[in-house]
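Here are my notes after going through the model you sent. Have the viewer open while you read.

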Amino acid sequence: MATKEVVTRVWIEEGCIVCDACEAACPEVFQVTEDSCIIRPAAMAAEFNKPLTGSIRDAAEECPVDVIKFETMMAEVSDEAPTAADPPAEPASAKVPAAVPAKPKPAAAAKKADKPAAKSAAAALTDDETDPAIAALLRAAATRGGNAGILRSGDIDSDEWRRTAAAQLPPDARQAKLVEAAKKASKDPDAGRRTVAGGAALAVGWVAFGTGLGVSIGPAFGRFMMPNVLEEPDPRIRIGPKKRYLEMAVGEVNEDYKPQGIWMIRLDDRIAALNIICTHLGCIPNWLPNDKKYKCPCHGSGYTFDGINFEGPTPRPLERFKILEEGGIVVVDKSKKYQHELGQWDQKDSFLPV
Ligand code: SF4
Ligand code: FES
């Protein structure tokens, strides 16, 4: 039996920009959702993580904003099935926990040096160079139908996040800031050679030149090729027949429309549409059916199934959207919100009676 350094605990700190890199490197541990990245429940156990040490390290190295952290310890492992990614064995002091911050090892640092793209997202906002984080964000937004921009642009209440340094923001607000920076960069005439938009414009311009169509269509077509991540969706969303929601049990939460920013809930005498945005700083909580609560991954705020805050730093309950029925179909209007602390949850259109 050899002794090796293995990962026993892994977590994600604030600042995730939802780029998907960690899940690609280690899908057993990381799960990227529409708006955040979480550690899968199974990976809360040290024994689960140990054999995945190599890919967890890879994920941490691939993370463009270095928010993946882990602890390691020395442990005995079988000689028969070493993994290529495992670090070399060190003199044994077996099973002595070593709380090692997940900073790149020398080899990892060299790997990063080969990847100038791996720089901080915050720095990118003031840097003329192409920011891999923005590129990753745009890719992610494009593959998710633009949700990265849609969810944030309408739901962050004030301009506070625009004035705050990106590094200080929670993931979702940071994401909105990065989208805005990317949009601004795409309008900069000098950005053509250094941004995603510029790359597309340049490439298309050459194609146009080669085919005799003229380079003049390049920029226009390049813009056409840009993912339109800040397009606002229609605030009125049809979410299916009312019957579907009447059949829910009291206390049940329907997450079918979470990608559109809505949790449908069933109370004794009504159904209501909850806004999924955490009222602390705008992250997206997770619904935990076993605990019957929403839990925000950013700073730990918790809400009961009907949206009442009961733990963590959030100062107020989740908001509810306007809800109405049209020909037996439930329609949620996200342009109108109702706040419990203002006594608005009993107002007309803040719920549908059952
Ligand atoms: S930013 Fe880091 S933690 Fe977030 S999805 Fe990308 S790799 Fe994972
Ligand atoms: S954003 Fe801070 S707890 Fe949700």
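1. Ground rules. This is a predicted model, in which local features need pLDDT of at least 70 and side-chain atom pairs count only at pLDDT 80 or more, while totals for chains, interfaces and linings use all residues. Residues are numbered from 1 along each chain as its sequence is written, with chains lettered from A and ligands numbered from 1 in the order in which they are written.

2. The chain overall. I get 12 helices and 16 strands in the protein chain; these are DSSP runs numbered from the N terminus, H or I of at least four residues for helices and E of at least two for strands. Of its 354 residues, 37% count as buried. Buried here is 20 or more other C-beta atoms within 10 Å of the residue's own, exposed is 12 or fewer, and partly exposed is in between, with C-beta atoms placed from the backbone. Take the contacts with a separation of 6 or more: 60% of them join residues 24 or more positions apart. A contact means C-beta atoms, placed from the backbone, within 7 Å.

3. Ligand 1. Its surroundings comprise 17 residues, and the closest are Cys16, Cys19, Ala21, Cys22 and Cys63; the cut-off is a C-beta atom, placed from the backbone, within 6 Å of the molecule. Both α1 (21-25) and β2 (30-32) contribute at least two residues to this shell. The make-up is 15 nonpolar, no polar and two charged residues. Note that Ala, Val, Leu, Ile, Met, Phe, Trp, Tyr, Cys and Pro count as nonpolar, Asp, Glu, Lys and Arg as charged, and the others, Gly among them, as polar.

4. Helix α3. Seven of the 10 residues in α3 are buried, including Ile56, Arg57, Ala59 and Glu61. Leaving out residues up to four places away in sequence, Ala59 touches Cys22, Ala25, Cys26, Phe30 and Ile68.

5. Strand β9. Which strands does β9 pair with in the antiparallel sense over two bridges? They are β16 (residues 352-353) and β14 (residues 320-326); pairing requires at least two DSSP bridges. Ile271 is bridged to Leu352 in β16, and Ala273 sits opposite Phe321 in β14. Five bridges also link β9 to β8 (residues 262-266), again antiparallel, with Met264 opposite Ala273. Five of the six residues of β9 (residues 270-275) are buried.

6. Is Leu267 buried or partly exposed? Leu267 counts as partly exposed because it has 15 C-beta neighbours inside 10 Å. Beyond four places in sequence, Leu267 is in contact with Val250, Ala272 and Asp306.

Methods
Two residues are in contact if their C-beta atoms, placed from the backbone, lie within 7 Å.
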